[in-house]
Amino acid sequence: DKSQDQLDRLGVLELALDELRIIYARLDASNDTQKIRILTFLGAGLALLSYLYGGGDLFIPHENYGKVFYLIGLGLVISSISMFLHNIRPSWWSVPLETKIPKILRNKTKIELLETIVEEYIESMGVNIVRYEKKVIYMHSAFFQLLCGGILLLVIKNIGG
């Protein structure tokens with residue numbers, strides 16, 4: 001009975017570890033995709049500024065309400081670009097300990113070793129998911145700021161020109 005329980009537990013741990021590896025790989029790939037999106041939107045923001053101010057004209061409206069909308073639009077675009085830059089900075093990404101098993105774990109049984117590795121994956125993913133979710137939320141906020149600010153500035157430029 002005891003050996004059958006250990007075999008069952010070993011099977012469950014191996015299955016759990018396989019599933020955790022898959023989930024971790026997906027999370028890692030999603031993080032890489034998110035970085036590409038951020039770089040794309042950062043490039044879009046810089047291209048927008050180049051288009052708007054490439055000729056050297058600031059196109060500031062003469063009316064007070066126009067100046068307010070102009071400053072709001074410019075503030076949103078600059079704020080979104082700074083948020084994209086902040087979001088693309090290198091950040092710490094937790095990696096499970098599986099590839100470098102410490103000497104302490106070498107004396108453990110296979111079940112204890114698998115339990116430790118499973119715990120490492122769960123801990124790493126817990127940290128990484130929080131970081132990834134913050135990055136996604138921050139990126140969406142910056143995107144909508146860029147969109148709103150860009151629309152305001154494009155409308156003001158086309159009305160004034």
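Me: Buried means under 20% relative accessible area, exposed means over 50%, and partly exposed lies in between, as found with a 1.4 Å probe and with protein chains only. What does R9 count as by its relative accessibility?

Reply: This is a predicted model, in which local features need pLDDT of at least 70 and side-chain atom pairs count only at pLDDT 80 or more, whereas totals for chains, interfaces and linings use all residues. Residues are numbered from 1 along each chain as its sequence is written, and side-chain values use heavy atoms, with hydrogens and water left out. Because the relative accessibility of R9 is 45%, this residue counts as partly exposed.

Me: How many residues apart are R9 and E115?

Reply: The side chains of these two residues meet in a salt bridge at 2.0 Å, N to O, a term that requires a side-chain nitrogen of Lys or Arg within 4 Å of a carboxyl oxygen of Asp or Glu. The R9–E115 pair links distant parts of the chain, since R9 belongs to helix 1 and E115 to helix 4, and their separation is 106 residues.

Me: Which helix holds K110, the residue linked to E14?

Reply: Helices here are DSSP runs (H or I, at least four residues), numbered from the N terminus. E14 is partly exposed because its relative accessible area is 32%, and its side chain meets that of K110 in a salt bridge of 3.4 Å, N to O. The pair again links distant parts of the chain, 96 residues apart, with E14 in helix 1 and K110 in helix 4.

Me: How many salt bridges does a search of the whole structure find?

Reply: Besides the R9–E115 pair and the E14–K110 pair, the side chains of R21 and D18 meet in a salt bridge at 3.2 Å, N to O. R21 and D18 both lie in helix 1, three residues apart, which is about one turn of the helix; R21 counts as partly exposed at 33% relative accessibility, and D18 as partly exposed at 39%. The search of the whole structure gives a salt-bridge count of three.

Me: At roughly what angle do the axes of helix 1 and helix 2 cross?

Reply: Two packed helices are described by the angle between their axes and the distance between the axes. Each axis is a line fitted to C-alpha atoms over the stretch in contact, and angles run from 0 to 180 degrees between N-to-C directions. The axes of helix 1 (residues 2-53) and helix 2 come within 9 Å, and they cross at roughly 145°.

Me: Is the crossing of helix 1 and helix 2 left-handed or right-handed?

Reply: The handedness follows from how the near helix is turned from the far one by less than a right angle, anticlockwise being left-handed and clockwise right-handed. Residues that meet across this pair include I38, F41, L42 and G45 in helix 1, with F84 and N87 among those in helix 2. The crossing of helix 1 and helix 2 is left-handed.

Me: Is F84 buried or exposed?

Reply: F84 has its place in helix 2 (residues 64-88). Not counting residues up to four places away in sequence, F84 touches I38, F41, L42, M139, A142, F143 and L146, where contact means heavy atoms within 4.5 Å. Because its relative accessibility is 0%, F84 counts as buried.

Me: What is the relative accessible area of Q34?

Reply: Q34 is found in helix 1, and beyond its neighbours within four places in sequence it is in contact with Y132, K135, V136 and M139. N87 in helix 2 is likewise in contact with K135 and M139, as well as with I38 and Y138, and N87 counts as buried because its relative accessibility is 5%. Q34 is also buried, because its relative accessible area is 1%.

Me: Near what value is phi of F59?

Reply: Most residues other than glycine have a negative phi, and most peptide bonds are trans. F59 has its place in the loop between helix 1 and helix 2, and it is buried because its relative accessible area is 11%. Its phi is positive, although the residue is not glycine, and lies near 45°.

Me: About how many Å² does the nonpolar surface patch with I159 cover?

Reply: I159 is found in helix 4 (residues 110-160), and it is exposed because its relative accessible area is 69%. Patch residues have over 30% relative accessible area and no salt bridge, with like charges joined within 9 Å and nonpolar side chains (Val, Leu, Ile, Met, Phe, Trp, Tyr) within 5 Å, and accessible areas come from the Shrake-Rupley method with a 1.4 Å probe, only the protein chains shown counting as cover for residues. F144, L147, I151, V155 and I159 make a nonpolar patch of about 500 Å².

Methods
Helix = DSSP H or I, 4+ residues; strand = E, 2+ residues; numbered from the N terminus.
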